[in-house]
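Please read the notes below alongside the model, with the viewer open.

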Amino acid sequence: MEMCSVRMVIWLGRNAHSRAMKQRVIVLDSSSSFGKKNWDMMKAFVRNILNSFEISSIAARAAIFRYNSKVYTDSQILLGDFPDNKTALLAAYDAIIHNGRGTKTGQALLHVNNTILNEVGGNRPEAQDVVITITDGRSEDDVAVVSGSLRSRGALTYAIGVMPPNSKGVDEQQMLSVAGQPSNIFIARNDFEGVYEKLIKKLDLDICVNV
């Protein structure tokens, strides 16, 4: 999946190398409506994503945190925490737990904009930011403005909607506000089967276009 980035570096030189560096920010809904079963499936799904790319100071970095009615900074992983150590990154990720109530996705995305993508936390301004939000798509606050702000600063935004156990379904209009365009929305209707392949393919395509 990294071949496009390598080719762009060869063809376009040093500036392309900077844009080929990626930063994946993964935002995890840990609300009670999301459900423990969905949480466990999501954790396995995200681990596959983390295992799919190289973690290094000249390649990809990852930031991960969970939220419900608040953002949990005690267990968050910042972009600069494990710049060259995937084993430590995965261990910290595995320790993130599920609990709490409420869903304020807008607040979580504001945390991405103000804290996660801050240079103090390890953000590299020259790198391509990728923000993946996994939620049941029923936020109690506005998501459109802050998600638009992320895209305005050059971030690629994606939304993965997970069907909640309460049978209310995913709010696809809200998912669209998070993702910015329909092609960046992925719905996990029963489990995450097929979502990984579609997401990785779309990420690879979009990053190639934006290099």
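Which residue lies over the face of Phe 53 at 5.9 Å from the ring centre?

1. Lys 86 is the residue at that place over the face of Phe 53, 5.9 Å from the ring centre, and Arg 24 also lies over the face of Phe 53, at 4.1 Å from the ring centre. A charge is taken to sit over a ring if NZ of Lys or CZ of Arg is within 6 Å of the ring centre and within 35 degrees of the ring normal.

2. On provenance, this is a predicted model, in which local features need pLDDT of at least 70 and side-chain atom pairs count only at pLDDT 80 or more, while totals for chains, interfaces and linings use all residues. Residues are numbered from 1 along each chain as its sequence is written, and side-chain values use heavy atoms, with hydrogens and water left out.

3. The structure holds one aromatic pair, formed by Phe 45 and Phe 192, which is stacked at 4.6 Å centre to centre with 25° between the planes. Here rings of Phe, Tyr and Trp (its six-membered ring) pair if their centres lie within 6.5 Å, and planes under 30 degrees apart count as stacked, over 60 as edge-to-face and the rest as tilted. Because Phe 45 lies in helix α3 (residues 36–51) and Phe 192 in the loop between β5 (185–188) and α8 (195–210), the pair ties together parts that are 147 residues apart in sequence. Helices (H or I, at least four residues) and strands (E, at least two) are DSSP runs, numbered from the N terminus. Phe 45 is buried at 4% relative accessibility, and Phe 192 is buried with a relative accessible area of 9%; buried means under 20% relative accessible area, exposed over 50%, and partly exposed in between, with a 1.4 Å probe and protein chains only.

4. In the largest nonpolar core, which has 34 residues, Leu 50 and Ile 134 touch the most other members, and α3 gives the most to this core, with six residues. Apart from it lies another core, of 24 residues, which includes Ala 63, Leu 79, Leu 109 and Val 112. A nonpolar core is a set of buried Ala, Val, Leu, Ile, Met, Phe, Trp, Tyr and Cys residues joined through side-chain atoms within 4.5 Å. Among the contacts of Ile 134, beyond residues up to four places away in sequence, are both Phe 45 and Phe 192, where contact means heavy atoms within 4.5 Å.

5. Arg 61, in strand β2 (residues 60–67), is buried, with a relative accessible area of 13%. The residues that Arg 61 touches include Arg 24, Leu 79 and Arg 124, and its C-alpha atom is separated by 9.1 Å from that of Asp 81, 20 residues apart along the chain.

6. The open sheet has five strands in the order β2-β1-β3-β4-β5, with parallel pairing, two strands being paired if DSSP finds at least two bridges between them. β2 and β5 stand at the edges with a single partner strand each, so one side of each is left without a neighbour in the sheet. The twist averages 15° from one strand to the next; axes are lines fitted to C-alpha atoms, for helices over the stretch in contact, and angles run from 0 to 180 degrees between N-to-C directions.

7. Helix α5 lies across β1, β2 and β3 and runs at about 145° to β2, whereas α7 packs on the sheet by touching β3, β4 and β5, with its direction at about 155° to that of β4.
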